[in-house]
Amino acid sequence: MRPHPKPQPFPLDTLTVNRANPEHLSRQLYHGLVAIIRSRALPPGSELPSTRALASELGLGRNTIVAAYDQLVTEGYLANRQGARPVIVDLPEGPRESPREEPPVPLRSPSLRGQQLLSQPYHHGRPGHVAFHPGMPDAGSFPFGVWGRLVARRASHGGETLFGTYDVTGHPALKEAIAGYLYSARGVRCRPEQIVVTTGAQAAFDLLARLLLDPGDTVWMEEPGYYGAKAAFTVAGARVLPIAVDQERGWRLDAPSSSPRLIYVTPACQHPLGITMRMEERLRLLDIAETANSWVIEDDFDGEYRFQGRPVPAIQSMDRSGRVIYVGTFAKLLFPALRIGFMVLPPELAGRIVNALSTTGQFAPLLLQAALADFITEGHMSRHLKRMRRIYAQRRQLFRDIVTERLRDEITLSPAEAGIQVVGYLRDGIDDIKVSQAAAKRAINVSPLSKYFQNTAPTQGLVLGYAACDAAQTRDGVERLAAAIGETLG
């Protein structure tokens, strides 16, 4: 049995409180007592002064002492005894501080998967830097008054169904609305049960990568292509091989040679080039997927904004074997911070997806989903989309005119058919990363095209979003971009 320690004088001189300190006196006292206990200025088993005695010595109210003692008992520093003063608990010594001359022991590094996650590229921009953020819609034209009323209405009358973690695959009304919208706008054939609502398209890619891929599996992906999707596949351990895409020849589906487990494409509006996949390429893609028994992820991030002819039907509408997974988002239609995307799964996969969603937590707030369902079914989204197509068409032409006039010797704009961004190819000798860095110093947000190449020699260019800028912002932004290019040229 551990011998009872010899009584030692309480180190009262080390215990101070400062009434000018905004921290509560009981918390100051608590911190001082913890320091005494952990430094072992009093050995384990020692009694603390009575609350009355310590209150008298420090000139504090007894309740202040009681509060500090009670917290120490709760956290296990002290043990109460019936009819006696509390005693110090015999705690393990815990980690010791290294001598100053010794270097600290380095923390363990993240897992290999964690290191992959930490090394992936990203591009989120900064507030106020709307010129020329790729893919950024014009939030200023969004009907927030209508949206606010819809959210408030649902919040007032939602009942318990909107305030729990129910309907993990998505609010039923929203899934119904999405199914109807997709059929009329994109030709997608699906039942509401096949739709899964996610916290944006990137969450869908992350979930699908973990669900469909094993380490070492092969993914075919466009190059240049969306680095967010590639990051999800890479972190899942996949081997990503490029499908070359360019303005003139489109998708070259004769390569690569290794059979894919999954194929990722952006056929309606290729990211970042803005071209549309031709029918012969779509049929060829489905034939390859059928032969290889591979999944196809069709990322339709920007297909609603097409400025030549009508929007092209989705590849999913042509799929007869249930292998195409359609992924969409409301980020470009409404506003990015909404963080609501969706995927259309084959029925077999959709029936079991709730288990995976429950594990990852990748489901959006039901309150916002219900308000979005109302926004769609009451016709607000179709009116908003019609208006924005008209505004973006005007801004697209203005942007092209100003860039062509001001930067004709430095930039050649791609003849993009769709989307709210455009690629500007830089003349030989101009480094797109240096230009993007110089532009950022001038509050201009552009993305270097070379960032979208991972396996082949990159093309130098800039991915430029024009949709969020009115005429004055566009003119000012182009002038700042010209200054940035001039800086890199010396």
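In the predicted model described here, Pro 224 is placed in the loop between β4 (218–223) and α8, helices (H or I, at least four residues) and strands (E, at least two) being DSSP runs numbered from the N terminus. The model is a predicted one, in which local features need pLDDT of at least 70 and side-chain atom pairs count only at pLDDT 80 or more, whereas totals for chains, interfaces and linings use all residues. Residues are numbered from 1 along each chain as its sequence is written, and side-chain values use heavy atoms, with hydrogens and water left out.

The peptide bond that joins Glu 223 to Pro 224 is cis, with omega at about 5°. A cis peptide bond also joins His 271 and Pro 272, where omega is about 15°, and Pro 272 is found in the loop between β7 (262–265) and α9 (279–292). A further backbone feature concerns Arg 339, whose phi is near 55°, a positive value in a residue other than glycine; Arg 339 lies in the loop between β9 (324–329) and β10 (341–344). Most residues other than glycine have a negative phi, and most peptide bonds are trans.

Arg 339 also belongs to the lining of the largest pocket, where Arg 339, together with His 123, His 124, Gln 202 and Tyr 226, lies nearest the centre among 33 lining residues. On a 1 Å grid over the protein atoms alone, a cavity is a set of points where a 1.4 Å probe fits but cannot get out, whereas a pocket is an open set with protein on both sides within 12 Å along at least five of seven lines, and lining residues have an atom within 4 Å of a point. About 960 Å³ of space lies in the largest pocket, a volume being the space filled by probe spheres set on the grid points, which are joined across faces, edges and corners. The elements that give two or more residues to this lining are α7 (201–212) and α8 (227–235), and α8 gives the most, with five residues. By class, the lining of the largest pocket divides into 17 nonpolar, 12 polar and four charged residues, where Ala, Val, Leu, Ile, Met, Phe, Trp, Tyr, Cys and Pro count as nonpolar, Asp, Glu, Lys and Arg as charged, and the others, Gly among them, as polar.

The second largest pocket has a volume of about 320 Å³. Of the 15 residues that line this second pocket, His 123, Ser 436, Ala 440, Asn 445 and Val 446 lie nearest its centre. Helix α14 (residues 432–440) gives the most to the lining of the second largest pocket, with four residues, and the lining comprises six nonpolar, seven polar and two charged residues.

The two helices named for the largest pocket, α7 and α8, also pack against each other, their axes coming within 8 Å and crossing at roughly 25°. Axes are lines fitted to C-alpha atoms, for helices over the stretch in contact, and angles run from 0 to 180 degrees between N-to-C directions. Helices α7 and α8 are therefore roughly parallel to each other, given that angles under 35 degrees count as roughly parallel, over 145 as roughly antiparallel, 65 to 115 as roughly perpendicular and the rest as oblique. The crossing of α7 and α8 is right-handed, a crossing being right-handed if the near helix is turned clockwise from the far one by less than a right angle, and left-handed if anticlockwise. In this contact (heavy atoms within 4.5 Å), Gln 202, Phe 205, Asp 206 and Ala 209 of α7 meet Gly 228, Ala 229, Ala 232 and Phe 233 of α8.

Helix α7 also meets helix α11 (residues 353–360), with axes that come within 11 Å and cross at roughly 120° in a right-handed sense. Here Leu 207, Arg 210 and Leu 211 of α7 meet Ile 353, Ala 356, Leu 357 and Thr 360 of α11.
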